[in-house]
Amino acid sequence: MPSNQRTTISRRQQLRDQRARESAKETKRRRLFRIATGLLTTLIVALVGFGLWSARPVEGGPSGQAPAFTLPTTAGTTVSLADYRGQPVILYFNEGAGCGSCTQQMALIEQEPGFAAAGITVLPIVMNTAAQIQPDLDRFGVTTPYLLDDGTVSKAYDTLDKGMHPGLPGHGFVLIDADGNQVWEGNYPSMWLDPAELLHEATSRL
């Protein structure tokens, strides 16, 4: 066989080998891409699932006489739970200063006329000073005086460490009936509960 023919065949073989190697590399890249995509999808699904699971509301039923308390307020007055004996009360424990969604929650509760119609008072309780929380109230137009807790009341109602910040309440509600009994509690890691839903939760248990 002439040398030039052997050279041509050798080059063709080299091209075939090169194409085979490139094809193998491309196949490997595609396989790795599919694996990575599958892992990423699984991770995203797991994270979304965990987020939904961790944001689920946690509720509790009747638990006896509600702990008594007396607290100062942002209005410079004091409020006692005993002041509301004979009417239902909702205690709204939240993270307080810096939590915009917490303050917006109270602003919209104020706009829901159903609470007054049902004779239900909502008392927001935070672990802040008046100076710390008042700018938030002014920003969102909240007029209800906030009760200022040093942690004693929040601890008595087992609301601490239920949110994102250790040592603080999360975003929870406690319903106390006219006789001073704690009849329902709900903690909402999503940092939100539609006021109409809160009103329904309350009226359905009174």
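These legends walk through several close-up views of a predicted model.

Residues are numbered from 1 along each chain as its sequence is written, and side-chain values use heavy atoms, leaving out hydrogens and water. Because this is a predicted model, local features need pLDDT of at least 70 and side-chain atom pairs count only at pLDDT 80 or more, while totals for chains, interfaces and linings use all residues.

**View 1. Tyrosine 92 and phenylalanine 173 form a stacked pair.** Searching the whole structure turns up four aromatic pairs; here rings of Phe, Tyr and Trp (its six-membered ring) pair if their centres lie within 6.5 Å, with planes under 30 degrees apart called stacked, over 60 edge-to-face and the rest tilted. In this pair the ring centres are 4.9 Å apart and the planes meet at 10°, so the pair is stacked. It links distant parts of the chain, with tyrosine 92 in strand β4 (residues 89–94) and phenylalanine 173 in strand β7 (residues 171–176), 81 residues apart. Helices (H or I, at least four residues) and strands (E, at least two) are DSSP runs, numbered from the N terminus. Tyrosine 92 is buried at a relative accessible area of 0%, and phenylalanine 173 is buried at 1% (buried means under 20% relative accessible area, exposed over 50%, partly exposed in between, with a 1.4 Å probe and protein chains only).

**View 2. Phenylalanine 173 also pairs with tyrosine 188.** This pair is edge-to-face, at 6.1 Å centre to centre and 65° between the planes. Phenylalanine 173 sits in strand β7 and tyrosine 188 in the loop between β8 (182–187) and α6 (195–203), 15 residues apart. Both residues are buried.

**View 3. Strand β8 pairs with β7 and with β1.** Two strands pair if DSSP finds at least two bridges between them. The β7 and β8 pairing is antiparallel over five bridges, and isoleucine 176 stands opposite glutamine 182 in β8. Five residues lie between the strands of this hairpin, where glycine 180 takes a positive phi near 85°. Strand β1 (residues 58–60) is antiparallel to β8 over three bridges, with glycine 60 opposite glutamate 185. Five of the six residues of β8 are buried.

**View 4. Cysteine 99 and cysteine 102 form a disulfide.** The structure holds one disulfide, a term for a pair of cysteine sulfur atoms within 2.5 Å. Here the sulfur atoms are 2.1 Å apart. The torsion about the S-S bond is about 70°, so the disulfide is right-handed. Both cysteine 99 and cysteine 102 are buried.
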